[in-house]
Amino acid sequence: MSEALTFNYKIDGDDFTRAGEASSSVKNKLKQLGLDSDIIRKVAIAMYEGEINMVIHADGGSITVTVSDSDITMVLADHGPGIPDIEKAMQEGYSTARPEVRSLGFGAGMGLPNMKKYTDEMHIDTVIGQGTTITMKVHI
Amino acid sequence: MTIREMQEVLDARFLYGEELADLDVQFVFSADMMSDVLAYGSKCSVLITGLCNPQVVRTAEMLDIVCIIFVRGKMPDENMLALAVGKGIAVLATDHYMFTTCGMLYEHGLRGGA
Ligand SMILES: Nc1ncnc2c1ncn2[C@@H]1O[C@H](COP(=O)(O)OP(=O)(O)O)[C@@H](O)[C@H]1O
Ligand SMILES: [Mg+2]
């Protein structure tokens, strides 16, 4: 592949049952491209956690995935409340998720740590009251 | 053991993916928190859970899990099962509780992933 491929998704903020559709679609596309299954799994897990976060913490947003010869880049942008203390948010077990979210199987405070664990690079840009953009890279 | 053998041991119903029955599995993760499955279950090919919503199937998909076992008689609806279509995921349901389900499979040689 010489030219980079780009996929764009809009994430609906109030439909928990549909959360994960974008990650599922990306997983499929990466499979079709014949990428290594370990790499696909890392991308899928990291993006899915980010997609879920957008739905439960930020009322949706957009995701752009770019595939080049050397890496897969995911940019997750939302106009949610922002993250006041990134260091705290990155700690395993830290969560501000509402109890309803927990009863749906999320909100254990493992999302951001997982995203870091499964990707080679991760960067969080956040402005309180304006939103959050998370950029993640997995090397091929 | 194979998915078919798990089904027999647990007296479970095949809800989807019977064509995967002969797949051999070894490592199992059990949890109701999908966050935990995503964090610690990436080496496992079977998910045992008492949670019943579409994100269970999505979580399994992301981790390449080949079999979901719903315990305590939990019944996924058609929309949930539709998410498993084409993903190579078999879905079983048993009336046994979580602990019993895990214990029975452990006795038959299955192990946790970590
Ligand atoms: N996109 C986001 N917008 C606003 N806050 C976020 C976002 N993503 C994560 N957070 C904050 O960081 C915390 C930790 O996130 P995470 O590790 O995914 O755990 P969880 O989603 O289970 O709460 C969240 O509880 C929330 O306070
Ligand atoms: Mg999260």
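Ligand 1 is surrounded by 20 residues (near means a heavy atom within 4 Å). The closest are H57(A), S95(A), T96(A), G109(A) and L112(A). This is a predicted model, in which local features need pLDDT of at least 70, side-chain atom pairs count only at pLDDT 80 or more, and totals for chains, interfaces and linings use all residues. Residues are numbered from 1 along each chain as its sequence is written, chains are lettered from A and ligands numbered from 1 in written order, and side-chain values use heavy atoms, without hydrogens and water.

By class, the shell has 10 nonpolar, nine polar and one charged residues. Here Ala, Val, Leu, Ile, Met, Phe, Trp, Tyr, Cys and Pro are nonpolar, Asp, Glu, Lys and Arg are charged, and the others, Gly among them, are polar. α2(A) gives the largest share of the shell, four residues. α2 and α5 of chain A each supply at least two. Helices are DSSP runs (H or I, at least four residues), and strands are E runs of at least two, numbered from the N terminus.

Now the polar atoms. A nitrogen of ligand 1 lies 2.9 Å from a side-chain N or O atom of D78(A). An oxygen atom of the ligand is 2.8 Å from a polar backbone atom of G109(A). For G107(A), a backbone N or O atom is 3.3 Å from a ligand oxygen. Alone, ligand 1 exposes 530 Å², and the protein buries 95% of that (Shrake-Rupley, 1.4 Å probe).

Where does ligand 1 sit? Ligand 1 sits in the largest pocket, with more than half of its atoms within 2 Å of the pocket's grid points. A pocket is an open set of points on a 1 Å grid over the protein atoms alone, where a 1.4 Å probe fits, with protein on both sides within 12 Å along at least five of seven lines; lining residues have an atom within 4 Å of a point. The space in this pocket is about 610 Å³, counted as that filled by probe spheres set on the points. Its lining has 34 residues, with N53(A), H57(A), I83(A), T96(A) and L112(A) nearest the centre. α2(A) supplies the largest share of the lining, eight residues.

Note on methods. A polar contact is a pair of N or O atoms within 3.5 Å; within protein, one must be able to donate a hydrogen and the other to accept it, and residues adjacent in sequence count only if both atoms are side-chain atoms.
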